Structures are given as C-alpha cells and as structure tokens.
Amino acid sequence: MMNIFKSNCGVAVLAAALALLPLVLPNAFYYDVAIRIAINACVVIGLNLLMGYTGQISLGHAGFFGLGAYASAILTSRFGWPPMVALAAGAVATGLLAFGVARPILKLKGHYLAMATLGLGIIISIVIINESAWTGGPDGMQVGPFGLFGFELNGEHMWYWLMAALLLLVTWFALNLIDSPAGRALQAIHGSEIAARVAGVDVTASKVRVFVLSAVLASVLGSLSAHYVGFLSPGVSGFSHSIEFVTMVVVGGMASVFGSIFGAVILTMLPQLLSTFEGWETVAFGVILMLTMIFLPKGLVPTLRLKFSKAEP
Amino acid sequence: MQSQFLQFLFSGVTVGATYALAALGFTLIYNASGVINFAQGEFIMLGGMGAVFLAQAGLPLPLAIVLAIALAALAGVLVEKLAIEPAGNAEVVTLIIITIGASLTIRGLVQVFLGTGNHALPAFSGEAPIAVLGATLLPQSLWVLGVTGIVVAALAWFFGRTRMGKAMLATAHNKLAAQLVGVNVRFILLLSFALSAALGAVGGILVAPINYTSYDAGIMLGLKGFVAATLGGLGAGMGAVVGGLLLGVVEAMTAGYVSSAYKDATPFVLILLILFFRPQGLFGKKGTDRV
Amino acid sequence: MLQVKGLSKTFGGVKAVQEVSFTIQAGTIHSVIGPNGAGKTTLLNLITGVYAPTTGEIVFNGENVAGKSPDELARRRMNRTFQNLQVCMNMSAIDNVMVGAHLRLNQGLLSAMFRRPSLRRADAACREEATQLMEFAGVGKYLKAHASQMPYGALKRMEIARALAAKPQLLLLDEPAAGLNHTETGEIDVLIRKVADSGVTVVLVEHDMKLVMNLSDHILVLDYGKKLAEGTAAEVRANPDVIAAYLGASA
C-alpha cells in the first residue's frame with residue numbers, strides 16, 4: 001500500500017503547505033508562531049534521526065542549540081563577525097565538541113546514556129550562566145540581526161521564507177538519508193546492534209556520525225533563533241528546553257520525519273495557549289508525555305499511519 | 001586551613017546525606033522494577049514543601065513532618081499505579097520519558113497550588129552553631145546525619161532480617177521466580193515506590209531548614225541523587241550511601257577550593273567521568289549480554 | 001577454509017570451551033552438535049567475533065581472525081544467524097534483507113542526503129537482489145510486509161536471506177530449526193541445502209538430529225566444552241562416547 005508520507009509526495013505536500021500558509025496567516029504574531037515552529041521542527045527532525053531511527057537518547061540537545069546561539073551572539077556582538085561566519089563557526093565548534101564526547105557517551109545504553117547526555121547539557125548550561133562576562137550570565141544578552149552577504153533579514157515575512165525553505169531542505173535531507181544504506185544501517189542499529197554489526201555496519205562510527213549531525217543541526221538552528229528573537233538567555237540551553245525537544249519527538253512520532261514536524265507544531269503552539277498559566281503548562285507537558293508514552297508509544301503520526309493502512313481494503 | 005577544610009567537610013557530608021537518601025530511593029526502585037525514576041527528585045521536594053505548608057497551616061512540626069512523608073509515599077504509589085504499571089514492558093527510553101512526565105506533572109501541580117516562592121522549615125533543635133575543632137556545625141546537620149544513619153540501619157535490618165525485605169530483594173533479582181514462590185510482585189512494586197518516595201521525602205525534610213526549598217528544588221536534588229546512585233553502583237545499597245556522601249563532599253570541596261559558581265557542575269562532570277571509565281560504579285558488577 | 005586451533009573460552013570460573021580444534025573444508029556442510037550446555041553457541045560466538053577467545057587461534061582463509069569484531073569478519077565474507085533471532089523488528093522485511101548488503105553499498109551520509117544518482121541506482125539494484133533473495137529463502141510472500149507482522153518461521157528464513165545478502169563465503173547458522181515445527185524444519189532443510197549448493201560453506205549448530213544427519217558432510221560433537229568426536233554422520237552415530245553423552249552412560 002503506497003504510503004503518501006513515505007514518498008516524495010510528502011515533501012511536495014509540505015512545500016505546498018508552506019507556500020500557501022502565508023495566505024491564511026492574519027498578522028505578524030502568527031508568522032512568529034510559524035517561524036518558531038519551523039525552528040523547533042528542524043531541531044526535532046535531527047533529534048529524531050538520533051532517537052527514533054538510531055534508537056539512542058539525548059536529554060541534553062538544548063545544550064547544542066544553546067552553543068550555537070551563544071556562539072553567534074558573542075561572535076557578532078562582541079567581535080563584529082559577519083553573522084554567516086559566526087553561525088558556521090558555532091556549528092563547527094559544536095560539531096567538534098559533539099565528536100569529542102560522542103564515542104565514550106554512545107558506548108552507553110539506556111538510562112546511562114540518558115544520564116550522560118543530560119549531564120553534558122547541564123554542564124554546557126552552567127558554563128553559559130557562569131561566564132557572564134561573555135554571555136551576560138542569567139540576564140542574557142542582545143543579539144543583532146541576521147544578514148547574508150550584506151543583505152539584512154528584517155521582519156517576520158523574510159524570516160518566514162528563510163525558515164520555510166530551511167525546513168523543506170532539512171525534511172528532504174532526512175527523508176533521503178532514511179531511504180539509503182546509511183539510513184538503513186542506523187535503523188538496524190536500533191533494531192539489533194549485533195545484527196547490524198554482523199552485516200558489517202560500523203556501529204560506533206554510525207552512531208557518532210548521526211550524533212554529530214543532529215548536534216550541528218541544533219547549533220545552526222540555535223544561531224538562527226538567536227538572531228531572530230534578538231535576545232538570548234541561558235534557558236535556551238537548559239534541561240527544560242531539552243525535555244521540550246524530546247517531548248516533540250516522542251509525541252509526534254519516533255522514527256517519523258513528518259511526525260517530528262507534527263510534534264513541533266503541537267508543542268510549540270501549546271505554550272502559546274497556556275502562556276498565562278505557567279504551572280499548568282508544565283503539568284500539561286508532563287501529562288502529555290505520560291499519556292503519549294503509555295497509550296501511543298509510537299507517537300501520533302506512526303499510530304495514525306498504522307490505523308489508516310489497516311483501514312485500507 | 002584545617003578548620004576551613006573541616007567546614008567544607010561538614011557541609012559536604014550534611015548535603016551528602018540527602019543525596020544518599022535520594023540515591024537509596026533510586027536504587028530501591030531500580031532494583032524492584034529496572035526503572036530509573038526521574039521523578040525521585042520531586043518526592044524529595046514534596047517532603048520539604050509538604051512539611052513547610054502543613055506546619056504553616058498550623059500543624060505541630062512533628063505531625064507536619066510525618067504527614068508530609070506519608071503524602072510523598074502516596075505520590076510514589078500514584079506514580080507507580082498510574083504511570084509505570086500501565087506502561088507494561090515498555091522500552092527503557094519509554095519508561096525514562098514516562099518518569100520525566102511524572103516529574104513534570106508533580107512539579108507543575110506544586111507550582112500551581114503552592115506558588116514559586118522559597119520556603120524554609122524551622123530548624124529542629126535551634127540554630128545555635130556548635131563549635132567543633134575550629135569549624136562550626138549546625139545542629140540541623142547532626143539531625144541530618146543522625147536520622148540518615150538510623151534510616152540506613154533500619155533499611156539494612158529490613159532487607160536482611162524481615163520476610164518482606166527479603167521478598168523485595170528476591171523480586172529485584174528475578175521477578176518471575178519470586179512470583180513462582182508466592183511473592184506478590186505487584187505489591188512489592190508499590191511498596192518500593194512508596195518506600196523510595198518516603199526516603200526522598202525524609203531527605204528533603206531534613207535539609208529544608210538549611211537550604212531553602214521551592215517547587216523546583218527537586219530537579220537538581222533528584223539528578224544529583226541519580227549521580228550518587230550511579231557513582232556507588234546502580235543496584236548496590238551500600239554504594240548508594242557511599243556515593244551520596246562522596247558526592248556531597250566532593251561538591252563542597254569544589255565549591256570551597258575551586259569555584260563556588262561551578263559547584264553545581266561537579267556532579268555532572270563526575271557522572272561523565274564515572275560513565276566513561278567505570279560505568280558499574282564503585283560497588284556495582286559488570287555484566288555481559290548473552291546472544 | 002576455516003581452522004580452529006586449541007580454542008578456549010572461560011567466563012569467570014566456567015570453562016565454556018576447552019582446547020577445541022577442528023578444520024572445515026570449503027563447500028561442505030559442517031554441523032556442531034552436543035548436549036545442552038556443551039558450548040556450541042559459545043564456540044559459534046567465538047568464531048564469529050561476538051566473544052574474544054581466552055586462548056587459541058581461528059584461521060580463516062589463512063588469516064588468524066581470533067578476537068576480530070563481527071563487522072571486520074563480515075568484511076572477510078563470514079556471516080551468521082542467531083539462535084534467538086536478531087531481526088530488526090523496527091524495519092520492513094525487505095529493508096532487513098537489504099541491511100545485509102551494507103558493505104557492498106555506498107554508506108556515506110552526504111551522498112545519501114543529496115540523493116546522488118549513483119547511490120539511488122545501487123539502492124534500486126540492491127532492492128532487486130533482496131527481493132530475489134527473499135524468494136530464494138521462501139519468504140517471497142512477505143515482500144511488502146513489516147518484520148513485526150511476520151511469523152517466527154518466516155523471520156528465521158528472512159534472517160538467512162539477510163546473511164546471504166552479504167554474499168558470504170562462510171555462513172554459520174545458530175540453531176536455525178529452533179522453535180520450528182515439523183513442516184518448517186523441512187523447509188529449512190531444503191533452504192540450507194540450496195545455500196550450500198550455491199557455493200557457500202555452511203556451519204550449523206543444531207539440536208535437531210534428523211536435520212543434522214540428513215544435511216551434514218561432517219559433524220563435530222562437543223560435550224562440556226571439549227571435542228568429543230568428529231566424523232561423518234555414520235561415524236558419529238556409531239561412536240559409543242557420543243551415545244553415552246546423549247543418552248547417559250548406562251544406555
């Protein structure tokens with residue numbers, strides 16, 4: 001049975017949706033939500049490659065996001081670097097850090113791996129808070145606008161098109177990766193590491209590669225997010241933010257690219273709805289996490305996909 | 001010099017005792033169900049916050065403390081019944097996320113109903129510091145260490161000498177075998193969660209007069225408790241206690257001699273080192289997988 | 001093709017395998033049998049790199065491969081299946097089989113992400129091959145199925161298809177008939193013979209005596225981790241030590 005989400009149709013549908021969306025968005029506020037959704041979706045697609053497809057866990061991904069964000073902020077504000085160069089530098093630095101810790105961390109499994117990634121994320125967060133001379137500490141810092149080759153990006157409309165294009169690109173990359181030998185190797189690692197090994201997959205190298213890839217992606221999005229919002233505070237690299245990303249992966253659907261987008265949509269809009277009820281927002285996240293993992297452990301999109309494929313005659 | 005060292009040692013051991021209690025809680029639940037309970041920190045917080053608010057509501061302190069512990073134990077039972085049990089034999093990732101969800105729920109509810117302020121309990125026997133060898137020791141610290149010692153001894157007696165305790169250990173080693181000899185595994189699981197929550201709550205209450213407690217005090221305490229449990233070796237009771245005390249002392253020494261700003265990073269650097277070089281902890285055993 | 005010399009493996013106090021030596025000729029079907037706990041699976045795990053030997057040599061095509069990891073052995077065209085089925089239940093059947101061909105395909109992340117035409121072509125060819133292998137293994141009707149939907153017997157045969165996708169010279173099968181009923185065992189018998197006829201050297205660890213006696217050119221008998229006897233099916237069947245080990249000394 002042809003599953004429309006799996007083929008290029010899915011990308012085409014997404015492209016169409018992104019192109020047509022501005023027609024229904026009434027004002028700048030909605031554009032803002034859409035941009036934030038796109039930022040989250042890109043990070044979550046990367047995180048899902050690591051968690052859903054390769055079966056690893058990362059409870060510290062916001063750390064990488066924060067590294068990119070602060071790298072861009074510091075290099076542009078305090079050293080006057082061009083934004084694109086700062087973004088690239090942040091991505092490279094994050095990639096190197098991820099590469100450095102990947103091998104020892106990814107040898108671990110289950111809750112040990114969860115704990116190690118958690119620890120890494122929190123260490124990054126604490127460093128950001130403490131080095132206030134660079135980062136402005138708990139009070140945060142301002143970030144200048146983003147620019148490409150001298151052309152400055154201002155306003156929600158320009159950012160929307162940039163993020164829409166980026167989301168489309170990331171989705172396309174992810175779908176291509178999954179339907180390839182490298183992608184199958186990743187999924188095999190999740191299914192049975194020993195079987196993957198016996199088939200010749202270099203399990204450690206594969207895990208490291210996908211870890212670094214998702215870290216770099218988070219860093220790039222962190223940089224872009226910093227420029228877009230114009231202001232940074234250490235919370236972007238904190239444990240809570242990492243849990244938000246994980247929630248989006250898990251609710252939308254592990255091992256599902258479109259699930260990640262879905263998860264990002266739902267869980268980015270949720271705080272907007274509950275913005276005046278801070279405690280309730282936390283409760284809502286917690287309850288959603290538990291209910292989804294108990295009743296829909298595969299997440300929304302894969303569960304729906306299964307229901308629809310069973311319904312076919 | 002020596003008095004400064006002693007000062008750090010005292011404060012380290014005091015907070016280390018709380019970590020030890022939290023670590024014991026983690027170990028208990030891990031042994032009984034294989035689950036790492038990320039909500040453990042919230043039980044600690046419930047103890048402290050519960051006691052504070054019950055005392056403020058007019059209850060005499062001892063009663064407030066007992067009730068708070070009971071409430072935490074109830075929360076533990078609820079988490080097991082409503083979150084862990086329905087999940088059945090889910091994957092490790094799933095269970096971790098469920099307990100994270102439970103912790104968020106508990107924390108959020110406390111935030112909504114009890115607010116975000118900082119609170120402290122009155123010290124159990126006054127605040128006059130005691131001079132020891134040139135350093136000062138808070139009377140509360142003696143309470144912390146004393147009660148923790150009693151609790152650990154009680155647990156050792158429970159697991160070593162009582163039928164219920166031995167049944168719990170049996171369940172930890174092999175659930176099916178325990179069931180086959182008539183152990184009510186369901187009940188054991190509930191008991192472990194309740195006991196674990198109570199342990200955490202005791203720790204939270206003991207330390208509430210020294211450190212302020214608030215709705216989000218549980219996050220760090222829980223995580224550090226997990227670090228302590230891993231340090232000592234997940235599943236080793238003795239290890240949990242040693243791990244907790246060790247962590248407390250290392251943290252205090254770092255704060256004193258290296259940098260107080262990075263004090264909170266110590267447990268996480270420690271856990272990365274432990275996981276990289278000796279994942280089974282100080283007292284745990286290395287395992288191999290049968291293929 | 002494969003020579004095992006003085007292989008031993010101890011786990012703590014347990015001597016799982018003790019000083020086992022034997023040779024396997026290319027193009028034969030070689031079986032390893034023995035009572036439960038004789039060390040058959042441990043021996044297999046030693047040869048296939050899952051465990052590292054305590055002492056001894058494993059010479060494959062002239063090279064000592066003792067202690068090499070499974071993926072290094074896969075590169076040397078040795079492959080295996082597992083007693084308790086190591087199938088990726090999170091993937092479709094055809095994807096499972098295609099994983100077997102991993103080493104022969106372009107594994108690059110970037111090439112994958114950019115959809116390089118050469119990678120797409122190779123992938124399509126691999127899919128064709130995997131389809132043929134599934135037919136060969138008798139699970140052709142599960143071509144469009146997901147691994148989680150397939151019955152146990154079919155999964156066992158799919159695992160063999162996956163191992164074959166790597167085009168191995170030497171294939172080790174760990175209890176391929178475990179958990180199968182009479183009909184399914186017959187199907188496995190036919191499949192193993194087809195595999196051997198296609199030029200692959202097969203080593204079989206098995207309990208099912210009928211299967212072993214039917215198929216094997218050469219049998220190795222283990223007991224308590226040591227080699228008890230070796231020879232053709234007829235020789236082994238008549239060996240009094242073997243009979244004693246299986247049926248008890250008083251038989």
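In chain C, strand E3 (residues 29-33) pairs with strand E9 (residues 218-223) in the parallel sense over 4 bridges; strands are DSSP runs of E of at least two residues, helices are runs of H or I of at least four, and both are numbered from the N terminus. Two strands count as paired if DSSP finds at least two bridges between them. The model is predicted, so local features need pLDDT of at least 70 and side-chain atom pairs count only at pLDDT 80 or more, while totals for chains, interfaces and linings use all residues. Residues are numbered from 1 along each chain as its sequence is written, and chains are lettered from A and ligands numbered from 1 in the order in which they are written.

Strand E10 (residues 226-231) of chain C is joined to E9(C) by 5 bridges, and the two run antiparallel. The hairpin formed by E9(C) and E10(C) has 2 residues between the strands, and C:Tyr224 in this hairpin takes a positive phi near 50 degrees.

An open sheet of 4 strands in chain C has the order E2-E1-E4-E5, with antiparallel pairing. Strands E2 (14-24) and E5 (63-64) of chain C each have a single partner strand and stand at the edges, so one side of each is left without a neighbour in the sheet. Strand E1 (residues 2-11) of chain C pairs with strand E4 (residues 55-60) of chain C over 5 bridges in the antiparallel sense; the bridge partner of C:Val4 in E4(C) is C:Ile58. Helix H1 (residues 40-47) of chain C lies across E1, E2 and E4 of chain C and runs at about 65 degrees to E2(C). Axes are lines fitted to C-alpha atoms, for helices over the stretch in contact, and angles run from 0 to 180 degrees between N-to-C directions.

Chain C is divided into domain 1 (1-77 + 168-251) and domain 2 (89-167), with bounds from an automatic or database domain assignment. The C-alpha centres of domains 1 and 2 of chain C lie 27 Å apart. In chain C, 13 residues of domain 1 are in contact with 13 residues of domain 2, contact being defined as C-beta atoms, placed from the backbone, within 7 Å. On the domain 1 side of chain C, helices H2 (70-75) and H7 (182-197) are the elements that give two or more residues; H7(C) gives the most, with 5 residues.

Definitions and conventions
Contact = placed C-beta atoms within 7 Å.
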